[in-house]
Structure formats: C-alpha cells, structure tokens
Amino acid sequence: PSITRGIAKEIPNVSWDDVGGLKDLKRRLQQAVEWPIKYAHAFQKLRISPVRGVLLHGPPGCSKTTLARAIAHAAQASFFSLSGADLFSKYVGEGEALMRRIFHKARQSAPSIVFFDEADTIAPKRGGSSGGSVNVGERLLSTLLTEMDGLEQATGILVLAATNRPQDIDPALRRPGRFDLILYVPPPDTEARYEILRIHTCKMKLGEDVDLRQTAEATHLYTGADLTNLCREAGYVALRENISGKCVLGRHFRTAIASLTPSLTESQIK
Ligand code: ATP
C-alpha cells in the first residue's frame, strides 16, 4: 500500500464472511455504504442522495473497526484510517493539515472510505472541559465539518466514525449531510460468538472433542476481541502442555476460558 505521512492507503483484506454475527447490521451497511459506491450511476439517475457519514457506536472490541474494513473491501474502496492519536499533535495546526491531506488523497483515490476511530476524541462536544486538547479538538472538529460539507454527492467518499462514547460526540456531526446514519454495534450474542469462534479457529488444528457451540455458550460477556484472544490462548495452553502435540482439545479451551476475564459487564448487554 502507498503511505501518506504514516497513514496507509489500502483496500483491506477482510470480507463480510470474516465478520461473525451482526447479520442485520451487515445488510444495512451494505445498502447504505456499498450500494452508493457500487451503483453510483443508479443513485444519480434516481437522484437519491446517499449517506455521507456513518457513526458506529458500541462497546470496545465488538467489531466496529472490523466492519469498517469489511465495508471498504466489499466496495473495493481505498481505506484511510485515522485515530485520535494520529491527529493530536504538539505542533499547532498539524492535525488539521493531516486531516485535510487525507480528504484530498481520498478524493484522488475515490471510491474511498475515511475511517475515524475514537471519534469522541477527534470531535468532542464543543465548550466541554478545559485544557489545551479541547482547542485542538475544536479545530479538528471544524476541519472535519468543513471537509464533510465539501463532499459532493457523487464523489464516492464516505466517512465512517467509531466510538465507544457516542454521548461525548459533538451534536453538530449529526446534522443532515454529515453522520446521517448512526448504528449501534452490539456485543455478540451466543450465535454471533459461535460464528466468531468458527472464524478464528478455521485454520487451527482442532481435536474432535472441541465443541464450539458449547464454547459460545460458556463465553457470555466476551467481546469479539476476547474471543480472538481465547482461541489464541487455547492454542498456547495446548503448546504449553505438549510442544509437539497434534491438536487443540476441548480441555485446552476450557482452561483458557478459566484463565481469561471477559471485557463486558452485564449492564452493557441489552
Ligand atoms: P475498539 O472500540 O476497541 O476500537 P472495535 O469495536 O473497533 O474495538 P474490532 O477492532 O473490530 O473492535 O475488534 C477487535 C478484534 O476482535 C478484531 O481484530 C477481530 O479479530 C475480533 N473481532 C471482533 N468482532 C469480530 C467479529 N464480529 N467477527 C470476527 N472477529 C471479530
């Protein structure tokens, strides 16, 4: 991938099949994001104005970044990813310059998706707490708003943002033509956990006694990220037991479950 000042432009290699669960959400995103890019002509013909921004919110480790990458892959769009840490700079104006450069690059490489992780740090509510970073946040926010307002309907650029704290995002971002679609990305339920476990074990050598359905049931309060860790940890348990063992067994998964603490709390499960 080509690199723009530390920001990689790429078409991610994550397909919809690599995202476990979230069936309805995937369908909604396909229509909202993939269609306007894939069928831009049809949208123009019918004079339908596509959404320009989608805000994904939900607990950490529950697929927001994975979804953003899958969307870009499905639409074969260039993917530019920025997080709060990329944009906060000790030099005045550098974050805004970087943001403008990314949008410029995105226009040149359209169709493109610009993804902002930790959007609450990039676009915090204005007039919030005091401190130097608030000013930086305000300047970044107004640059983002200017860039989003400047996006023409058919340029094939979509802005995606992710946050764990939607209440901390400036309401100006929710005005029409900006983040028109706000979607909650829920923690995985039992079926989704089963699918995520299948995805992350498909290349592992598993013993016949491994029951992923049972594992899914035993992992209430696990995020997608926790499940990824669990699969790796089960592999390590097997290796620690016998470095020349042939496969990962059910008991290795059970030991791994006993040793890991899930990230979610009951109150995050609606
Ligand atoms: P954060 O808010 O911390 O940025 P996030 O919601 O963006 O988290 P991801 O980065 O998408 O979460 O997930 C972390 C890791 O967990 C992914 O790299 C992936 O391995 C795994 N994962 C999460 N959700 C899924 C899923 N639905 N299917 C498959 N893997 C998943």
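Predicted model: local features only at pLDDT ≥ 70, side-chain atom pairs only at ≥ 80, totals over all residues.

I looked up Arg-107 and found it in a salt bridge with Glu-147, where the closest N and O atoms are 3.5 Å apart. Arg-107 belongs to helix α5 (residues 94-108) and Glu-147 to helix α7 (residues 132-149), so that the pair links distant parts of the chain, 40 residues apart. Arg-107 has a relative accessible area of 37% and therefore counts as partly exposed, whereas Glu-147, at 11%, is buried.

**Entry: other charged pairs**

How many salt bridges does the count come to? I noted 10 salt bridges, and I took a few of them in turn.

Glu-34 pairs with Lys-38, with 2.9 Å between the closest N and O atoms. The two residues are four apart in helix α1 (residues 23-38), which means that about one helical turn separates them. I recorded Glu-34 as buried because its relative accessible area is 6%, and Lys-38 as partly exposed because its value is 45%.

The side chains of Glu-191 and Arg-213 also meet in a salt bridge, at 3.1 Å from N to O. Glu-191 lies in helix α8 (residues 190-201) and Arg-213 in helix α9 (residues 212-217), so this pair ties together parts that are 22 residues apart in sequence. Both ends came out as partly exposed, Glu-191 with a relative accessible area of 39% and Arg-213 with 41%.

I also noted a network of salt bridges that links Asp-120, Arg-165 and Asp-168.

**Entry: α10 against α11**

I then turned to helix α10 (residues 224-241) and helix α11 (residues 250-259), whose axes come within 8 Å and cross at roughly 115°. The crossing of α10 past α11 is right-handed. On the α10 side, the residues in contact are Leu-230, Cys-231, Glu-233, Ala-234, Val-237, Ala-238 and Glu-241, and α11 contributes Arg-251, His-252, Phe-253, Thr-255, Ala-256, Ile-257 and Ser-259. Sorted by type, the residues of this contact are eight nonpolar, three polar and three charged.

**Entry: Thr-219**

Is Thr-219 buried or exposed? I found Thr-219 in the loop between α9 and α10, and it counts as buried because its relative accessible area is 0%. Leaving aside residues up to four places away in sequence, Thr-219 touches Arg-193, Leu-227, Leu-230 and Ile-257. Of these partners, I had already listed Leu-230 and Ile-257 in the contact of α10 with α11.

**Entry: cysteines**

I looked for disulfides, and the count comes to zero. Cys-231 is in no disulfide, since the nearest cysteine sulfur, that of Cys-202, is 9.9 Å away, and a disulfide needs the two sulfur atoms within 2.5 Å. Cys-231 counts as buried, at 2% relative accessibility.

Cys-247 counts as partly exposed, because its relative accessibility is 29%.

Conventions:
Residues numbered from 1 in each chain as written. Heavy atoms only, no water. Axes fitted to C-alpha atoms, helices over the stretch in contact; angles between N-to-C directions. Left-handed = near helix turned anticlockwise from the far one by under 90°. Contact = heavy atoms within 4.5 Å. Nonpolar A, V, L, I, M, F, W, Y, C, P; charged D, E, K, R; others polar. Buried < 20%, exposed > 50% of the residue type's maximum accessible area, 1.4 Å probe, protein only. Salt bridge = Lys/Arg side-chain N within 4 Å of Asp/Glu carboxyl O.
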